[in-house]
Amino acid sequence: MGRLLAIDGLNIVRRVYEASPEPDSPEKADIALRHALSSLRTLVNDHEPTHLLPAFDFGGNTWRHDLYAGYREGRAPMPSPLREALPAFYDKLRGIGMHVVSVPEVEADDVIGTVVLRWLAEGRGEATIASTDKDLHGLIAHGARVWDHFKSEWHDHAWVEKKWGVPAEQLPDLLALMGDVTDSIPGVSKVGVKTAAKLLRTYGTLDAIMAGAGILKDSLGETLRKEREMLYLSRQLVALKTDVRVGVTWNMLAWSHL
């Protein structure tokens, strides 16, 4: 059986870059990308995949911006020295045999979601996602595992339940209810992780929650009714797009050694 390793490339690059307190500069970018390259090598050596997907955000507007103009408006742009150094970094990855995948108008998460679900649906073997991104943890419901490279720990069904109070299949609904400050996804006013998890444990799904909201006489019911439209928009924004035209074959992602 095969082993797919999907790497959320900029999740690692940005974390490494931002770990340094030094001011932005080409030197800082160079050092960070050297460390990131070392991290990618370690991931590949430790997980020994048969297939490797290094996915990177293309940058610029995505389908989520088209859906909601305020998407990610609060997020600081990538520092220009790092952005300018990325093309050479991608060339280095290609030089060691990695097939870098970056698709316009979608995020790396969508690319990973599309490829991982296809891999699992075809029964090709296990799928590991190297990322700390919340959205990707929903793929655990479909049989994937998530590896946190920075903490060297596996995230599985039990980890998701302990962290968020709901099973992995309910994670997109939970994120829609509570919103996501980092991506400027609004969610529902004054609904945090505990309230969202309680609602989902009680009702099961977003639709069932909204059906029940009609009879809730408290302020939560009122808020849910008033913000119904924004809640469903948030649900669209946190969902992975899983029909991306990725433009690669399994043969192109096949990996033998580093």
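This section describes the sheet, the helices packed on it, the nonpolar cores and some local features of a predicted model.

The strands form an open sheet of five, in the order S2-S1-S3-S4-S5 and with mixed pairing. Strand S2 (51-55) and S5 are the edge strands, each of them pairing on one side only. From one strand to the next, the twist averages 25 degrees. S4 and S5 run antiparallel and are joined by three bridges. Within this pair, Val 146 stands opposite His 155 in S5.

Helix H1 (residues 9-18) touches strand S1 (2-8) and S2, and its direction makes about 45 degrees with that of S1. H5 touches S1, S2 and strand S3 (125-130), and the direction of H5 makes about 170 degrees with that of S1.

Helix H1 is largely enclosed by the rest of the structure, because eight of its 10 residues are buried. The buried residues of H1 are Gly 9, Leu 10, Asn 11, Ile 12, Val 13, Arg 14, Val 16 and Tyr 17. These buried residues pack against S1, helix H2 (26-47), S2 and H4.

Phe 56 is placed in the loop between S2 and H3. The relative accessible area of Phe 56 is 1%, and the residue is therefore buried, the cut-off for this class being under 20%. Beyond its neighbours within four places in sequence, Phe 56 is in contact with Gly 9, Leu 10, Val 13, Phe 89, Tyr 90, Leu 93, Val 100, Val 101, Ser 102, Val 103 and Ala 108.

In soluble globular proteins, nonpolar side chains tend to be buried together. The largest nonpolar core of the model has 52 residues. Those with the most contacts inside this core are Leu 53, Val 111, Ile 112, Val 116, Ile 129, Leu 177 and Leu 224. Helix H5 (residues 108-121) supplies the largest share of the core, six residues. With neighbours within four places in sequence left aside, Ile 112 is in contact with Ala 6, Ile 7, Asp 8, Leu 53, Ala 55, Ile 129, Leu 136 and Leu 139. Another core, of 28 residues, lies apart from the largest one and includes Ala 29, Ala 36, Ala 130 and Trp 255.

The axes of helix H8 (residues 193-203) and helix H9 (residues 206-213) come within 9 Å and cross at roughly 90 degrees. H8 and H9 are therefore roughly perpendicular to each other. In this contact, Leu 199, Leu 200 and Tyr 203 of H8 meet Leu 206, Ala 208, Ile 209 and Gly 212 of H9. By class, six of the residues in the contact of H8 with H9 are nonpolar and one is polar, with no charged residues.

Positive phi values occur at two loop residues other than glycine, Arg 72 and Ser 152. Arg 72 is found in the loop between helix H3 (63-67) and helix H4 (80-95), and its phi is near 60 degrees. Ser 152 lies in the loop between strand S4 (145-148) and strand S5 (153-155), with a phi of about 50 degrees.

Terms used:
Residues are numbered from 1 along each chain as its sequence is written. This is a predicted model: local features need pLDDT of at least 70, side-chain atom pairs count only at pLDDT 80 or more; totals for chains, interfaces and linings use all residues. Side-chain values use heavy atoms; hydrogens and water are left out. Axes are lines fitted to C-alpha atoms, for helices over the stretch in contact, and angles run from 0 to 180 degrees between N-to-C directions. Helices (H or I, at least four residues) and strands (E, at least two) are DSSP runs, numbered from the N terminus. Angles under 35 degrees count as roughly parallel, over 145 as roughly antiparallel, 65 to 115 as roughly perpendicular and the rest as oblique. Contact means heavy atoms within 4.5 Å. Ala, Val, Leu, Ile, Met, Phe, Trp, Tyr, Cys and Pro count as nonpolar, Asp, Glu, Lys and Arg as charged, and the others, Gly among them, as polar. A nonpolar core is a set of buried Ala, Val, Leu, Ile, Met, Phe, Trp, Tyr and Cys residues joined through side-chain atoms within 4.5 Å. Buried means under 20% relative accessible area, exposed over 50%, partly exposed in between (1.4 Å probe, protein chains only). Two strands pair if DSSP finds at least two bridges between them.
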